[in-house]
Amino acid sequence: FAVTGATTGFDSTSKSWPARQNINDLVNSTPSWDLYILALQRFQNTSASDPLSYFQVASIHGYPNRPWDGVDGASSGAGFCMHSSVLFPLWHRPYVALYEAIAAGYPPQLRELYQEAASTLRIPYWDWAITTGLPYVMTAATLSINTPDGQRNITNPLLQYTFPMDMLANDYFEPMSSAPNILQQSNTVRHYDPVTGQSNEAAASSTLQASSAVRLSRVYKLLSEVGNYTTFSLWQCNSTNIEGVHGDVHNGVGGVINGDTATGHMTIIPISAFDPAFWLHHANVDRLVALWQALHPDEYVQPTLNEGGTYYLPGGSIDTQDTPLAPFHWDNTTTMWTAATARDTNALGYTYPELLNTGASPSELKDIVTQKVMDLYAPSGTVFTNGTHHDRFRRNTNIAQAMSYVHADTALQLGVNNMDSQWYLRVSIDAVAAENGTAVYLFAGQPVPDTNMWPAASNLIGLHNPYFANSASEPSTLSQQIDIPCSHTIAAAVDRGILAKLAPENVVPFLKENVVVRAVGPKGSQLEVGSASGIQVSVLSRYIVSETSLSEFPVYGTLEEHGSIAAESCCNRDAVL
Ligand SMILES: N[C@@H](Cc1ccc(O)cc1)C(=O)O
């Protein structure tokens, strides 16, 4: 079976393949939206014995380890998906294109009726750096859709996927021992609540919102600063890389409680692709990859060790641009897609709005994309090039309250990614604490007592979840150092009249007095923070060194250290200053 992506809709005048649209735009575009939803419904209802069913396509990613399209695996990894590998971005490219081509299998009468819309329709992406929670259409129980029988409310295929009963009965996910309550569900869930027995979409949204300002900074950093393909693509906990940014969204949708207990499919690599959110998420990951490629047209895959391996590839192999992206066949022979053949999205029949062919040369395209990335993720905000002074500087303030809901929309409004100083809280976790799977939370002021509420807390600055590579149960054993952007906190503090200005002599004491660090172990117990427990947090900043021109990304100097957040400020502080 040749994975071609969608093959219709090429515009021979502009020499363009159709662009995948932002889901917020596609929703308003009839009849494309109706077509997409009906096609997806049909795809999910296809019998699980069909290799092109949603069930089988979703299971390529992880469990069960079964051959697909005649390609078998002999290794022990969970599924064919490539993680912790420089091929992470490219493996998911033909994968999502395969889904796209099948999801274009509209009911035939519709295809005839809406031929034009059908031929140019591509799957939408969910831009989670800007649309901070789950888009409404991913959470509604039903959608009102124009069907061949008129306007109908249909069960929303973007909310959840219902497993075929016989597959569940067959212990389909037998190799997995973790998260048994998730594996028993007859449909995919997000932030599953054992008390109500329901998925909790609102919790997913507020969790995603609580970390959205950090995500916005990281996405911008990834596009504007990371210039080396290996750094961009290879997961490492102490760098900003596409897989890390993407992993936090998985965890935000699925939910992670108290360190390592997953509460939804999206959090668990071997079963994440069953959640319909996976595909909207990965279309956006692929878009960010494509934008990055346009910004760095000469950078690409260099041979790199793949420690973990997959079901197909043994651990310890070297990934190159010619490594087969199994099990995706390129044509009707045994040749498979590779990073080399999947380098240009047009080879798979699609592009993105920012990259539509305008006849630009690669260097012109780079300038166009630079501008679009700045417009989208670093618009000029309301304040802060010189550190404005607030007239009404509030002293007696409950910090947790005053600093609540500083999300990506606020950060965009304030122009946080445009500030000429950027601030970070560096979380250092030693090897012992890392091996235990420690999660670290940073709050402005005191957190609420219930640790389960922390990932979604209104005064959360940012958090670090332990990373669980390919298996859902083995945390990294290496010491970790993660820089969590906190410029959003500082900008909002000035905007809200809590901090006088952006100068270090104001910012550093503000952070040392008001940032509260908490750590949670794998069993949900709170851990001490401090040198004895191997968990520490320090304050860092860097300043712009280039005159920012309107058409170039800013250049920042090296990080300066400003000392640590004292451990004793973590547990016994009064919430009211
Ligand atoms: N396990 C990853 C998140 C993730 C989950 C599911 C995936 O398919 C991919 C990544 C982490 O902890 O960061």
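Reader: How many salt bridges does the count between domain 1 and domain 2 give?

Author: The count is 1 salt bridge. A quick note first: this is a predicted model, where local features need pLDDT of at least 70, side-chain atom pairs count only at pLDDT 80 or more, and totals for chains, interfaces and linings use all residues. Residues are numbered from 1 along each chain as its sequence is written, and side-chain values use heavy atoms, leaving out hydrogens and water.

Reader: Where do domain 1 and domain 2 lie in the chain?

Author: Domain 1 covers 23–375 and domain 2 covers 378–569; such bounds come from an automatic or database domain assignment.

Reader: How many residues of each domain are in contact?

Author: With contact meaning heavy atoms within 4.5 Å, 43 residues of domain 1 touch 44 residues of domain 2.

Reader: What area do domain 1 and domain 2 bury between them?

Author: About 3600 Å², with 57% of it on carbon and sulfur atoms. Buried area is the accessible area (1.4 Å probe) that two parts lose on being put together, summed over both. In domain 1, Ala210, Asn258 and Met374 lose the most area to domain 2, together 16% of what that side buries.

Technical notes
Salt bridge = Lys/Arg side-chain N within 4 Å of Asp/Glu carboxyl O.
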